[in-house]
Amino acid sequence: FFMINININSETDVLKSVVVGIANDSGNIVYENNPKISKHLKLGNYPTESSLINQVDNFAKLIENEGVEVLRPENVKDQDQIFTRDIGFVIGDTFVLSKMKKSNREPEQKGLAKILENIDNNRIIRPPQNATIEGGDVIISGKYIFVGLTERTNYYGFKFIKDSFPNYEVIPFQMYVTCQAETNILHLDCAFQPVGKSCAIVYENGFVHKPTELYDIFGYENIIFVNQEEMYNMFPNIFSLSPEKIISDKSFVRINEMLSS
């Protein structure tokens with residue numbers, strides 16, 4: 001039995017330990033939880049379970065090879081458990097257990113039970129009943145917490161974060177929510193991601209109002225803007241291991257070149 005000391009002050013800090021999801025035993029029902037899933041089901045090219053297992057396990061190995069401890073959730077039968085960031089996240093020394101908008105995703109949190117046993121119970125908080133909030137809508141960068149208001153995270157979810165973390169400046173952004181796979185912003189991290197010590201990737205049209213706060217905080221000249229097609233292909237969803245090292249998909253050619261230069 002060991003206690004996990006949680007401490008996250010920025011998305012781009014040196015990563016020491018992370019929970020990576022699992023893709024096996026997801027059951028026969030694919031829930032159409034967002035327009036992109038619906039589109040791929042209709043096109044008949046939704047990925048197979050074996051290809052998803054392969055991708056997730058390779059990602060876990062890649063992170064482990066960089067010296068990061070990888071924790072995995074326990075298997076919950078017939079449940080998609082890939083997107084662990086959504087179901088719980090860390091701010092400072094506090095673990096926030098998300099309040100899922102989609103009831104079919106709530107059972108995923110059972111898979112975290114063993115991990116949560118190793119975190120001081122006083123450091124675990126849960127949103128109130130009227131709030132919905134998912135981890136993909138919460139991005140931490142130094143003294144700032146950015147919260148996306150989306151189909152998954154409501155005003156009460158934002159208010160819960162603002163009230164729970166008075167030492168941070170909590171900034172909300174209304175995100176562009178549509179029924180179209182090409183334009184819908186599922187979570188804030190689909191349209192914004194800090195990189196390194198002072199840069200960020202931004203899809204400007206994903207925000208209902210121009211995200212001027214991001215330009216003020218990061219500096220307009222330090223922002224890499226992506227277009228709609230790049231957003232659709234998940235360019236902002238890079239993964240930071242430290243301020244100097246990120247994991248990015250090799251298909252993100254344009255931003256990979258910019259980030260390397």
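Start at the hairpin of strand 9 and strand 10. It has 3 residues between the strands, and Gly196 takes a positive phi near 60° there. A strand here is a DSSP E run of at least two residues, and a helix an H or I run of at least four, each numbered from the N terminus.

A word on the source. This is a predicted model, where local features need pLDDT of at least 70, side-chain atom pairs count only at pLDDT 80 or more, and totals for chains, interfaces and linings use all residues. Residues are numbered from 1 along each chain as its sequence is written, and side-chain values use heavy atoms, with hydrogens and water left out.

Strand 9 and strand 10 run antiparallel, joined by 4 bridges. Pro194 has Ala200 in strand 10 as its bridge partner. Strands count as paired if DSSP finds at least two bridges between them.

Now strand 10 to strand 11. These run parallel, with 3 bridges. Ala200 stands opposite Ile223 in strand 11. The chain gets from strand 10 to strand 11 through helix 6, in a right-handed β-α-β crossover. Right-handed means that, with the strands pointing away from the viewer, the path from the first strand over the helix to the second runs clockwise.

Next, strand 7 and strand 8. They are parallel and share 6 bridges. Here the crossover goes through helix 5, residues 155-164, and is right-handed. Gly148 has Phe173 in strand 8 as its bridge partner.

What packs between these elements? The largest nonpolar core has 28 residues, and Phe146, Phe192, Phe207 and Leu214 have the most contacts inside it. At least two residues each come from strand 7 (144-149), strand 8 (169-174), strand 9 (192-195), strand 10 (199-202), helix 6 (212-218) and strand 11 (223-225). By core I mean buried Ala, Val, Leu, Ile, Met, Phe, Trp, Tyr and Cys residues joined through side-chain atoms within 4.5 Å. Buried is under 20% relative accessible area, with a 1.4 Å probe and protein chains only.

Take Leu214. Beyond its neighbours within four places in sequence, Leu214 is in contact (heavy atoms within 4.5 Å) with Phe146, Phe173, Phe192, Val202, Phe207, Gly219 and Ile223. Apart from this core lies another, of 15 residues, including Phe89, Ile91, Ile140 and Tyr168.

Strand 3 runs antiparallel to strand 4, residues 94-97, through 4 bridges. Val90 has Phe95 in strand 4 as its bridge partner.

Key
Buried means under 20% relative accessible area, exposed over 50%, partly exposed in between (1.4 Å probe, protein chains only).
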